Amino acid sequence: MHDPAIDGHPPVSIVVIQAPRDAYDFEYFEQRLTDAWLLDASLAVRTLRMPFLAVPVGGSRRGGYYPVACFCIALRVRDVLQGRAGFPRPRVNWSTAPDSGGVVVEWGENPPSLCDDEALGRFYGYSEAAIARYMARCADAAPSPQTPCSVYPFPFPAGQ
């Protein structure tokens, strides 16, 4: 086990905050959010190797979430968001995404029903054009009964 007191190396932080543009998914949100000014107030949060964007509430965006691999990391992300402007009521919940088995850190209001992708898109502050593109893609995909089109309307490119 790595012990900084023994080998002289500084401890490694599990959660690192970086500039918003450092986030792997910055362009993803830039192309979808109604209120692009939220990007400047966002945080690139790195919990493993790549930082992903945590977008604050504001304008038409009423809530947000950040998926993590385990409960212990979720608690640390929640603690980092606690007290920051735009991240009210940070909390840890089990993910409802199919087959994820993980947890999410949520902030802001509680999301609407997971069965209404258009309402979820508006809740997370996505533009009407982005919602329409997503809904058209879902209609074209014709998922099987065992595979819902989505739970969250616009997941991270690698998973929010």
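Start with N93: its bridge partner in β6 is V104. β5 and β6 (residues 103-108) run antiparallel, and four bridges join them. Two strands count as paired if DSSP finds at least two bridges between them. Strands here are DSSP runs of E, at least two residues, and helices are runs of H or I, at least four residues, numbered from the N terminus.

A word on the source. This is a predicted model, in which local features need pLDDT of at least 70 and side-chain atom pairs count only at pLDDT 80 or more, while totals for chains, interfaces and linings use all residues. Residues are numbered from 1 along each chain as its sequence is written, and side-chain values use heavy atoms, with hydrogens and water left out.

Back to the sheet. The order is β4-β6-β5, three strands, open, with antiparallel pairing. β4 (63-68) and β5 (91-94) stand at the edges with a single partner strand each, so one side of each has no neighbour in the sheet. On average, neighbouring strands of this sheet are turned by 30° against each other, direction ignored. For angles, axes are lines fitted to C-alpha atoms, for helices over the stretch in contact, and the values run from 0 to 180 degrees between N-to-C directions.

What lies across these strands? Helix α4 (residues 71-81) lies across β4, β5 and β6, and runs at about 20° to β6. Contact means heavy atoms within 4.5 Å.

Look at L81, in helix α4. Is L81 buried or exposed? L81 is buried, with a relative accessible area of 1%. The classes are these: buried under 20% relative accessible area, exposed over 50%, partly exposed in between, with a 1.4 Å probe and protein chains only. Leaving out residues up to four places away in sequence, L81 touches L43, F87, P90, V105 and W107. Take L43 from that list. L81 and L43 are 38 residues apart in sequence, and their C-alpha atoms are 9.3 Å apart in space.

Next, the other end of the strand numbering. Another open sheet has three strands in the order β1-β2-β3, with antiparallel pairing. Its edge strands are β1 (16-18) and β3 (51-54), each pairing on one side only. Twist here averages 35° from one strand to the next. Three bridges hold the antiparallel pairing of β1 and β2.

S42 is buried, at 3% relative accessible area. Its side chain reaches the backbone oxygen of L38 at 2.9 Å. That is a polar contact: a pair of N or O atoms within 3.5 Å, where within protein one must be able to donate a hydrogen and the other to accept it, and residues adjacent in sequence count only if both atoms are side-chain atoms. Beyond four places in sequence, S42 touches P20, L53, A54, V55 and P56.

Now the cysteines. How many disulfides are there? The count is zero. The rule asks for a pair of cysteine sulfur atoms within 2.5 Å. The sulfur of C70 has its closest cysteine sulfur in C72, at 3.0 Å, too far for a bond. C70 is partly exposed at 27% relative accessibility, and C72 is partly exposed at 47%.

Last, charges. The whole structure holds six salt bridges. Each is a side-chain nitrogen of Lys or Arg within 4 Å of a carboxyl oxygen of Asp or Glu. Which side chain meets E109 in a salt bridge? R62 does, at 3.1 Å from N to O. This pair links distant parts of the chain, 47 residues apart: E109 sits in the loop between β6 and α5 (117-123), R62 in the loop between β3 and β4. E109 is partly exposed at 42%, and R62 is partly exposed at 38%.

D79 and R78 form another salt bridge, at 2.9 Å, N to O. D79 is partly exposed at 46%, R78 partly exposed at 25%.

In helix α5, R122 and E118 lie four residues apart, about one turn of the helix. They form a salt bridge, with the closest N and O atoms 3.6 Å apart. E118, R122 and E128 are linked in a network of salt bridges.
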